[in-house]
Amino acid sequence: MAKFIRKKGKGAQRINTASLPDIIFMLLFFFMVSTTMRETEVKVQVKVPEASEVKKLEQKKLVSYIYIGRPVGPLQGLYGSEPMIQLNDKLVNKEGIAEDEVQDFVLFEREQLAEIDKSRMTVSLKIDEDIPMGKVDDVKQALRRAKALIINYSAQREYEDQGRL
Amino acid sequence: MADIAFLLLIFFLVATTMDVDTGITRLLPPIPEEEQDTEVKVNKRNVLVVLINRSDQLMVRGEFGTRLDELKRITMEFFTNPNNSQDLPEMENKEVEFPPGSSSMLPPDGVWRGQVSKGVISLQNDRSTTYGKYLQVQNELVAAVNQLRNDFCELYFDKEYDELNENNPVEKEIKEGIREIYKMNISEATPKNIQGL
């Protein structure tokens, strides 16, 4: 019986932390590998709609991004609150010639691709759900003229599917 | 050591964006090479006209106020014409080749003989329609066609359409065959200002 009593008196044992750095390193490597750095700073507010038929966009190198939305808070003083188009990284801020800009942008982006991929170029449209279609359609016409016909309407998968039936 | 690792860990935690890009992929129609002044004549029963007005209300086949959750059913009915109705699109006979022996429901040569729809969906929206609504409607139309393809695929190949792998030549051929049978015929007119409606 004496054995048991002695053990009790010792108090709680400290956890062995020798393996802690290993665990942390493992997590670290996981995040390092899975990280994709944000390449573009989004200057317009975009809340993409939800849809049930969304597919994953494969092969990111073939994709160019066009954002349409209202400028984010701090930029509203500069650009106002009208919907604007952002091509990869830059805002198109002149009215009227936006379509030409889109066309030039697509042609430029296509130049960057390898010859074999040019026909498979995809344009991802990240458009806020409250934007009127007029603006969207101008962009679509510009894409048609630039012969960028594969487009992807960016959308989130809707999860509350059972609510609609 | 652990401190440095922690620091790096927190950095990557903050810098990570784990979002995968998802969306609905569509093909835009090419701009015709020369001006076509002859409009393509399409039989009225072969067209499903879907209109979205400026206040995001739907009008399908001349009926105003169609609910969004009815659209998928209407579209599927439109493409299959189950009762051979005179108002729904004509069906035409078609032969589609599948890889021989890929399905027990097909004859040994793998040729599917059946009827496919001549139907086309015409989607029109106002310039003030919100993009969110437009995409929801697109989504329902795409969902209807996907459902038809999936049903066919499950019936004949005992597999889901989405499970077919594009990199496998046999499955790719199956996929292309099914796409032949159920085409995603959505024509989009350039939006006009549909007044009132």
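This is a predicted model: local features need pLDDT of at least 70, side-chain atom pairs count only at pLDDT 80 or more; totals for chains, interfaces and linings use all residues.
## What counts as a contact

Two residues are taken to be in contact if their C-beta atoms, placed from the backbone, lie within 7 Å.

## The contact of the two chains

Chain A brings 47 residues to the contact, and chain B brings 42 residues. On the side of chain A that touches chain B, two or more residues come from each of α2 (20-34), β3 (55-56), β7 (122-127), α5 (133-145), β8 (150-154) and β9 (156-157) of chain A. Of these elements, α2(A) gives the most, with nine residues. When the residues of this side of chain A are divided by class, 24 are nonpolar, nine are polar and 14 are charged.

## A pair of helices across the contact

Two packed helices are described by the angle between their axes and the distance between the axes. For α2(A) and helix α1 (residues 2-15) of chain B, the axes come within 9 Å and cross at roughly 25°. Because angles under 35 degrees count as roughly parallel, α2(A) and α1(B) are roughly parallel to each other, and their crossing is left-handed.

The residues that meet here are, from α2(A), A:Leu20, A:Pro21, A:Ile24, A:Phe25, A:Leu27, A:Leu28, A:Phe31 and A:Met32, and from α1(B), B:Ala2, B:Ala5, B:Phe6, B:Leu8, B:Leu9, B:Phe12 and B:Leu13. By class, this contact of α2(A) with α1(B) has 15 nonpolar residues, with no polar and no charged residues.

## Strands that pair between the chains

Strands of a sheet pair through backbone hydrogen bonds, either parallel or antiparallel. Strand β1 (residues 22-27) of chain B pairs with β8(A) in the antiparallel sense, over five bridges. Within this part of the model, A:Ser154 has B:Gly23 as its bridge partner in β1(B), while A:Tyr153 stands opposite B:Ile24.

The strand β1(B) also pairs with β3(A), again in the antiparallel sense, over two bridges. Here A:Lys56 stands opposite B:Thr22 in β1(B).

## A sheet within chain B

Chain B holds an open sheet of five strands in the order β4-β3-β2-β7-β8, with mixed pairing. Since β4 (63-64) and β8 (186-188) of chain B stand at the edges, each with a single partner strand, one side of each is left without a neighbour in the sheet.

Strand β2 (residues 47-52) of chain B and strand β3 (residues 58-60) of chain B run antiparallel and are joined by three bridges, and B:Leu51 stands opposite B:Met59 in β3(B).

Conventions
Residues are numbered from 1 along each chain as its sequence is written. Chains are lettered from A and ligands numbered from 1 in the order in which they are written. Helices (H or I, at least four residues) and strands (E, at least two) are DSSP runs, numbered from the N terminus. Ala, Val, Leu, Ile, Met, Phe, Trp, Tyr, Cys and Pro count as nonpolar, Asp, Glu, Lys and Arg as charged, and the others, Gly among them, as polar. Two strands pair if DSSP finds at least two bridges between them. Axes are lines fitted to C-alpha atoms, for helices over the stretch in contact, and angles run from 0 to 180 degrees between N-to-C directions. Angles under 35 degrees count as roughly parallel, over 145 as roughly antiparallel, 65 to 115 as roughly perpendicular and the rest as oblique. A crossing is left-handed if the near helix is turned anticlockwise from the far one by less than a right angle, and right-handed if clockwise.
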